[in-house]
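Reader: Hi! Please walk me through this one, starting with how its parts are named.

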Amino acid sequence: MLFLVFKAYLKLVHFDFCLARGDFAALYNKVRNYPVGREPASPDSVERICSAVDMASIWYWKEALCLQRSAATACLLKEHGVPAQMVIGARQMPFKAHAWVEVDGRVVNDRPYTPEMYRVLDRC
């Protein structure tokens, strides 16, 4: 588990640099084109990876925002053979954008009712 937390931490750093450079396109393309691993996912992969990203976020030197955390979660899940999608949504009043990860249409790193609160703009 410790190695998985370390990998999650490195993903947070990587996506933080993308966002700091204002390079949303690089973050988006990295997540969209990240290959799904060939090894079949273990039954507890989703839970272990989401927990690892949560733990890495606790130790991260600043607040990891939803886009950064979701990008890291989606890539780690894909790496471990889980066909995950990062979803980006927004609402108009009051304006708020949000990102989360879904596996087979089920939210895995946020509240289960999150899609009901936002209009989905993209899935990658």
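Author: Happy to! Helices (H or I, at least four residues) and strands (E, at least two) are DSSP runs, numbered from the N terminus. This is a predicted model, where local features need pLDDT of at least 70 and side-chain atom pairs 80 or more, while totals for chains, interfaces and linings use all residues. Residues count from 1 along each chain as its sequence is written, and side-chain values use heavy atoms, without hydrogens or water.

Reader: Great. Where is Thr 73 found?

Author: Thr 73 sits in helix H4.

Reader: Buried or exposed?

Author: Thr 73 has a relative accessible area of 2%, so it is buried (under 20%; exposed is over 50%, partly exposed lies in between, with a 1.4 Å probe on protein chains only).

Reader: Which residues in H2 and H4 meet?

Author: On the H2 side there are Phe 24, Leu 27, Lys 30, Val 31 and Arg 32. They meet Leu 67, Ala 71, Ala 74, Cys 75 and Lys 78 of H4.

Reader: Tell me more about Val 31, please.

Author: Setting aside residues up to four places away in sequence, Val 31 touches Phe 15, Ala 71, Ala 74, Cys 75, Lys 78, Met 86 and Cys 124. Val 31 also belongs to the largest nonpolar core, which has 35 residues; along with Leu 77 and Met 86, Val 31 touches the most other members. Such a core is a set of buried Ala, Val, Leu, Ile, Met, Phe, Trp, Tyr and Cys residues joined through side-chain atoms within 4.5 Å.

Reader: Which elements give two or more residues to this core?

Author: Those are H2 and H4, plus helix H1 (2–20), helix H3 (45–59), strand S1 (84–91) and strand S2 (96–103).

Reader: Moving on, how do the axes of H1 and H3 cross?

Author: Those axes come within 8 Å, crossing at roughly 60 degrees. H1 brings Leu 4, Val 5, Ala 8, Tyr 9 and Leu 12 to the contact. From H3 come Arg 48, Ile 49, Ala 52, Val 53, Met 55, Ala 56, Ser 57 and Trp 59.

Reader: Why does Val 5 count as buried?

Author: Because its relative accessibility is 14%. Val 5 lies in H1 and, beyond its neighbours within four places in sequence, contacts Ala 52, Met 55 and Ala 56.

Reader: Backbone time! Where is the cis peptide bond?

Author: Between Met 93 and Pro 94, with omega of about -20 degrees. Pro 94 is part of the loop between S1 and S2.

Reader: And which residue has a positive phi although it is not a glycine?

Author: That is Asp 104, with phi of about 55 degrees. Asp 104 lies in the loop joining S2 to strand S3 (106–107). With a relative accessible area of 72%, Asp 104 is exposed.

How values were computed. Contact means heavy atoms within 4.5 Å. Axes are lines fitted to C-alpha atoms, for helices over the stretch in contact, and angles run from 0 to 180 degrees between N-to-C directions.
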